[in-house]
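Let's take a walk through this one together, from the overall layout down to individual strands and helices. Keep the viewer open as you read.

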2 protein chains.
Amino acid sequence: MGNGKGLTPQGEDFSAWYNEIVQQAELASHSPVRGCMVIRPYGYRIWELMQAALDGMFKATGHQNAYFPLFLPKSALDREAQHVKGFAPETAIVTHAGHAQLEEPLVVRPTSEAIIWPILGDWIHSYRDLPVLLNQWANVVRWELRTRPFLRTTEFLWQEGHTAHADEAEAEEETRRMLGVYRTFMEEWMAMPVITGLKTDAERFAGALRTYACEALMKDNKALQAGTSHNLGQNFARAFDVRFQTEEGEHVYVWSTSWGVSTRLVGALIMTHGDDEGLILPPKLAPYEAVVVPIWRDEEQKELVLEAGAHVRRDLEEAGVRVHVDDRDGMNPGSKYYEWERRGVPVRLEIGPRDVKAGSVMAVRRFTGPDADRKFPIPVAELPVRLPALLDSMQGELLAAARERREAATIRGLEDYAEFQERMDTVGGFAFTGWCGDPACEQKVKEETKSTIRVIPDAEFRSPTPPARCLCGEPSVAEVVRARAY
Amino acid sequence: MGNGKGLTPQGEDFSAWYNEIVQQAELASHSPVRGCMVIRPYGYRIWELMQAALDGMFKATGHQNAYFPLFLPKSALDREAQHVKGFAPETAIVTHAGHAQLEEPLVVRPTSEAIIWPILGDWIHSYRDLPVLLNQWANVVRWELRTRPFLRTTEFLWQEGHTAHADEAEAEEETRRMLGVYRTFMEEWMAMPVITGLKTDAERFAGALRTYACEALMKDNKALQAGTSHNLGQNFARAFDVRFQTEEGEHVYVWSTSWGVSTRLVGALIMTHGDDEGLILPPKLAPYEAVVVPIWRDEEQKELVLEAGAHVRRDLEEAGVRVHVDDRDGMNPGSKYYEWERRGVPVRLEIGPRDVKAGSVMAVRRFTGPDADRKFPIPVAELPVRLPALLDSMQGELLAAARERREAATIRGLEDYAEFQERMDTVGGFAFTGWCGDPACEQKVKEETKSTIRVIPDAEFRSPTPPARCLCGEPSVAEVVRARAY
């Protein structure tokens, strides 16, 4: 295979490739607790960079962070009928504490509606108390039978937004606003294009009125639900009796939303950009945007190149670039190149004695567009300007490449069911088709093709001429995006 | 009582004052889950500011964040004998998940040594892998019988550092370094002076070789353990068989440390500075360092002062000040003053029509030293320079005042047991006394006086002439700091 530790090529076994890259790039490792992963420092740093960007966007849209308990009383989960039906089968239950059996078992939160709503009732009395715009960064637990690092784990980290509004229009606006925030983050930070739209009733969040989602296409042409935003209507307000007094003195139930993204996004990042050499990270979310590899043969050269490396690091840090100098002894430069490529660092800066003499470094890009050079010298004095510009351009190229790949794996206008089945079996990818609106038809296609309706796409993604017929031959009532998915 | 909602004076009932201020300043509220609090946005923002400062200091000392599972297999907790003895009585146990009984119950982490060490064994092989310098921001659960918001809750948020080293000296150095980081944070950010030192064997962390602590004195003259740093020796390495190959080829157990601070620090902050008017926040940790209160009588004035307020906010935000404009309608300025004083905002900036005309704002400090004016005008043009300087000075004054208060409540050289008992019963505070070194004597004094040995203080805190005798009359082997504590 010619790649050292032996990374399985993506084309041979994408799933094996994924598991190996998670291990080899030191993103996560298994733990002695079934289904729970350990997020290693390199993987956690990616999550921290994601958190910082998202948190800034949440605050800029008026949200404040808070923290609600890890445990829900079992009776609280039972209050909203659809919600308990959706979540009860996958909960972890605390029955004993402090050496005694609990009177009422506690549920480890799978999501926090059932603990937040009983409390928000105490905070909301009048229209003056609205809107309430909260977010929480937390761990949640869903007892999954089949788990994979980042994509589906028993415990995962996420943020969950929870908001309360005076009327439906405002709740709907908030739901859509946060879907837009997610899309912006996914495209501008993760360089991952997404299709946004509405989930069908069958795929809706348990307890929601409407669920919107961002759907991305991984490199194996399987779809991944990357983030969801729910208009919860008055369902939770009714279940937990949360009413407010309007300006006119009436007492009415509040309208609420919730929205979340999780450490699953790290998995999405890996599968959107990685290649057979390893991880590829968009500069904005790379723990190190550049790694300096000093090259020496003797002590004299070592001193020279390490000094130059330290100088470059200082300059770049001042320019706001996350940079690491790999000065490990007893490891040849080639092995270092190999390791940092495997770990997806966008730019490598090689500094040998001749580079020092020439006053430049050799820059090597982890990925290139069709016309760009992979390797070229940059004068040290120009680095603080040219490297940020290069990283910026690479960020954009990565998004363009991912979009192009997704478009190549997208088909529109399919009406023939056999053709659709053939497409799912061979190419995979997104298929824009018609839908008769019947949940029974949706279920039948799911069982027969293992594909699901990902979303009823938002207007900008729809085909100029929407399909006239559903895959079942009945007239279509809505264009939908179908795919096999994670 | 003349203070509106009725805050109990500290001198009357400190504990009632504390509970009321937590509610009235909207720092936290109770939840339907026994012993678990809800951290409200204002309280959580203080914690976020603490996190940001500490996280920066951890990274500056070479640590990386990671994330380990919430659950520990029960058998893992049982591996280190002292550790399980210390923590088993207060654990919450998951026995069921996904509708089925678990083969082995899971423990919700009370601290993470028992899940981190089985995993670190896979990461550490050679001396080249050391040191490992990790930190984790997480929630932990300890089933406490008597809880109080922030000070002692069943679930709390904290950070736990975990490091591995090649030898004892390096582990000890790390333990002391992080104790120093905590002290710096507590003094420079929280404006809370602390005494650092070694815990006695009786007060040591379950499983540690040596535990060091930062001890602060609250305004009711009770001590509070604000942070601990443990040299774990080779105890966990032995329990989980974590060995590394030395440069000489030997296989030896690693040395480890752990250290942590928690949301308890928010409680410490409240009880170090608050007064009968409410919370007092050090500027560096205040969600809002300044609040602008525009004052108007009619629409024309309203437009004028709101515009001036927006201008001031822009200027101050550019100068890096966290500022909020309280433009609420239907609430008189006096009520706003009252609310922000209760919530501890360091500086209020009043802007009325006359101030706008004069090109100035009226600054009102939440607290003043003996010689400072409480209220004075500042020209708007000078705000971006003068306000940061004022906040900086207030930060220093707050630390000085807290230090003075602590010193006034500290006594040294007490050898007479009756006098000591009298002191604990009346003043409280810190008492530097001798100690015979006998745990039985330590226990007896604890039972009889409800005071404990907080620490064997570090050199700089010790008395010039250490006490010759213990409270029991035997010769002293070490000067100790005693106090009644939270």
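What follows goes from domains, to the chain contact, to the sheets and helices.

One thing to keep in mind first: this is a predicted model. Start with chain A, which splits into domain 1 (14-273), domain 2 (283-405) and domain 3 (410-483). The C-alpha centres of domain 1 and domain 2 of chain A sit 37 Å apart. Where these two domains of chain A meet, 16 residues of domain 1 are in contact with 11 residues of domain 2. Helix 2 of chain A gives the most, with five residues. By class, that side of domain 1 of chain A has 11 nonpolar, three polar and two charged residues.

Now hop over to chain B and look at helix 2 and helix 8 there. Two packed helices are described by the angle between their axes and the distance between the axes. For helix 2 (residues 41-60) and helix 8 (residues 264-273) of chain B, that angle is about 105° and the axes are 10 Å apart. That makes helix 2 of chain B roughly perpendicular to helix 8 of chain B, because angles of 65 to 115 degrees count that way. On helix 2 of chain B, the residues involved are B:Gly43, B:Ile46, B:Trp47 and B:Met50, and they meet B:Leu265, B:Val266 and B:Leu269 in helix 8 of chain B. This contact between the two helices of chain B has six nonpolar residues, one polar and no charged ones.

Next, how do the two chains touch? In the contact between them, 42 residues of chain B are in contact with 42 residues of chain A. Strand 5 (residues 92-97) of chain B gives the most to the chain B side, with six residues. The chain B side as a whole divides into 28 nonpolar, nine polar and five charged residues. Strand 5 of chain A and strand 5 of chain B run antiparallel and are joined by five bridges. To find one of these pairs, pick A:Ile93: its bridge partner in strand 5 of chain B is B:His96.

Strand 8 (residues 155-165) of chain B runs antiparallel to strand 14 of chain B, with eight bridges joining them; B:Gln159 stands opposite B:Val261. Strand 11 (residues 223-233) of chain B is antiparallel to strand 14 of chain B too, over five bridges, and B:His230 has B:Ser258 as its bridge partner.

Back in chain A, find the open sheet of five strands in the order 16-15-17-18-19, with mixed pairing. Strand 16 (323-325) and strand 19 (375-379) of chain A are at the edges, each with a single partner strand, so one side of each has no neighbour in the sheet. On average, neighbouring strands of this sheet are turned by 25° against each other, direction ignored. Strand 15 (residues 290-294) and strand 16 of chain A pair in the parallel sense over three bridges, with A:Val291 opposite A:His324. Helix 9 (residues 299-318) of chain A lies across strands 15, 16, 17 and 18 of chain A, at about 165° to strand 15. Helix 12 (residues 383-408) of chain A lies across strands 15, 17, 18 and 19 of chain A, at about 150° to strand 17.

Finish at strand 23 (residues 478-483) of chain A, where five of the six residues are buried. Strand 21 (residues 430-435) of chain A pairs with strand 23 of chain A in the antiparallel sense over five bridges, and A:Ala431 partners A:Arg482. Strand 22 (residues 452-457) of chain A also pairs antiparallel with strand 23 of chain A, over three bridges, where A:Thr452 stands opposite A:Ala483.

Terms used:
Residues are numbered from 1 along each chain as its sequence is written. Chains are lettered from A and ligands numbered from 1 in the order in which they are written. This is a predicted model: local features need pLDDT of at least 70, side-chain atom pairs count only at pLDDT 80 or more; totals for chains, interfaces and linings use all residues. Domain bounds come from an automatic or database domain assignment. Two residues are in contact if their C-beta atoms, placed from the backbone, lie within 7 Å. Helices (H or I, at least four residues) and strands (E, at least two) are DSSP runs, numbered from the N terminus. Ala, Val, Leu, Ile, Met, Phe, Trp, Tyr, Cys and Pro count as nonpolar, Asp, Glu, Lys and Arg as charged, and the others, Gly among them, as polar. Axes are lines fitted to C-alpha atoms, for helices over the stretch in contact, and angles run from 0 to 180 degrees between N-to-C directions. Angles under 35 degrees count as roughly parallel, over 145 as roughly antiparallel, 65 to 115 as roughly perpendicular and the rest as oblique. Two strands pair if DSSP finds at least two bridges between them. A residue is buried if 20 or more other C-beta atoms lie within 10 Å of its own, exposed if 12 or fewer, and partly exposed in between; C-beta atoms are placed from the backbone.
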